[in-house]
Amino acid sequence: MSKSTVFGIKLKQRTSSAVKFQEILTRYGCNIKTRIGLHHVTHDVCSTEGVILIEAIGDQSVVDEFENELNQLKEVELQKMTFEINE
């Protein structure tokens with residue numbers, strides 16, 4: 001039985017933290033099954049905050065490392081849900 005972990009990530013100060021955040025996502029790209037980015041944007045405003053939903057799969061120790069790296073970014077607020085997957 002494997003697990004699927006869904007991270008809800010609020011990225012504060014998106015413009016200044018995006019590079020470090022993207023480097024982490026790239027490092028764990030093989031463990032990211034789904035990624036959805038949400039942020040408020042209009043014709044004249046682009047929010048400095050964003051919400052990203054990520055479904056992480058694979059070896060649980062690697063998913064845990066991924067979570068730990070995300071939590072080390074001071075601009076990140078992270079919440080998660082973990083589900084057992086019957087294959």
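**Entry 1: a starting question**

Is Glu-67 buried or exposed, and at what relative accessibility? I looked it up: Glu-67 counts as buried because its relative accessibility is 14%. Buried means under 20% relative accessible area, exposed means over 50%, and partly exposed lies in between (1.4 Å probe, protein chains only). I come back to Glu-67 below.

**Entry 2: ground rules**

I note that this is a predicted model, where local features need pLDDT of at least 70 and side-chain atom pairs count only at pLDDT 80 or more, while totals for chains, interfaces and linings use all residues. Residues are numbered from 1 along each chain as its sequence is written, and side-chain values use heavy atoms, with hydrogens and water left out.

**Entry 3: the whole chain**

I looked up the secondary structure and found two helices and four strands. Helices (H or I, at least four residues) and strands (E, at least two) are DSSP runs, numbered from the N terminus. From the N terminus on, I read the order β-α-β-β-α-β. The C-alpha trace spans about 50 × 20 × 20 Å along its principal axes.

Next I looked up burial. The chain has 87 residues, and 30% of them are buried. The chain exposes about 5800 Å². Carbon and sulfur atoms supply 53% of that area. Accessible areas come from the Shrake-Rupley method with a 1.4 Å probe; for residues, only the protein chains shown count as cover.

Then I looked up contacts, which means heavy atoms within 4.5 Å. I took those with a separation of 6 or more: 74% of them join residues 24 or more positions apart.

**Entry 4: helix H1**

Does the length of H1 agree or disagree with 1.5 Å a residue? H1 covers residues 14-27, which is 14 residues. The expected span is 1.5 Å times one less than the number of residues.

Which residues of H1 are buried? I listed Arg-14, Ser-17, Phe-21, Ile-24 and Leu-25. An α-helix has 3.6 residues a turn, so residues three or four places apart point the same way. The buried residues of H1 pack against strands S1 (2-11), S2 (32-38), S3 (50-56) and S4 (76-85), and against helix H2 (60-72).

Gly-29 is partly exposed, because its relative accessibility is 36%. Gly-29 and Glu-55 are 26 residues apart in sequence, yet their C-alpha atoms are 11 Å apart in space.

**Entry 5: helix H2**

Gln-60 belongs to helix H2. Gln-60 counts as partly exposed, at 27% relative accessibility. Leaving aside neighbours within four places in sequence, Gln-60 is in contact with Lys-3 and Thr-5. Gln-60 and Thr-5 are 55 residues apart along the chain, with 9.2 Å between their C-alpha atoms.

Glu-67 is in helix H2 as well. Not counting residues up to four places away in sequence, Glu-67 touches Phe-7, Leu-78 and Lys-80.

**Entry 6: salt bridges**

How many salt bridges does a search of the whole structure find? I found three. A salt bridge is a side-chain nitrogen of Lys or Arg within 4 Å of a carboxyl oxygen of Asp or Glu.

- Lys-80 and Glu-67 meet at 3.0 Å, N to O. The pair links distant parts of the chain: Lys-80 is in strand S4, Glu-67 in helix H2, 13 residues apart. Lys-80 is partly exposed, at 41%.
- Glu-69 pairs with Arg-27, the closest N and O atoms being 2.5 Å apart. Glu-69 lies in H2 and Arg-27 in H1, so the pair ties together parts 42 residues apart in sequence. Arg-27 counts as exposed, at 51%.
- Lys-10 pairs with Glu-49, the closest N and O atoms being 3.4 Å apart. Lys-10 is in strand S1 and Glu-49 in the loop between S2 and S3, 39 residues apart. Lys-10 is partly exposed at 29%, and Glu-49 is partly exposed at 34%.

**Entry 7: a nonpolar patch**

Ile-36, Leu-38, Val-51 and Leu-53 make a nonpolar patch of about 300 Å². Patches are made of residues with over 30% relative accessible area and no salt bridge: like charges are joined within 9 Å, nonpolar side chains (Val, Leu, Ile, Met, Phe, Trp, Tyr) within 5 Å. S2 and S3 each supply at least two of the patch residues. Leu-38 lies in strand S2 and is partly exposed, at 45%.
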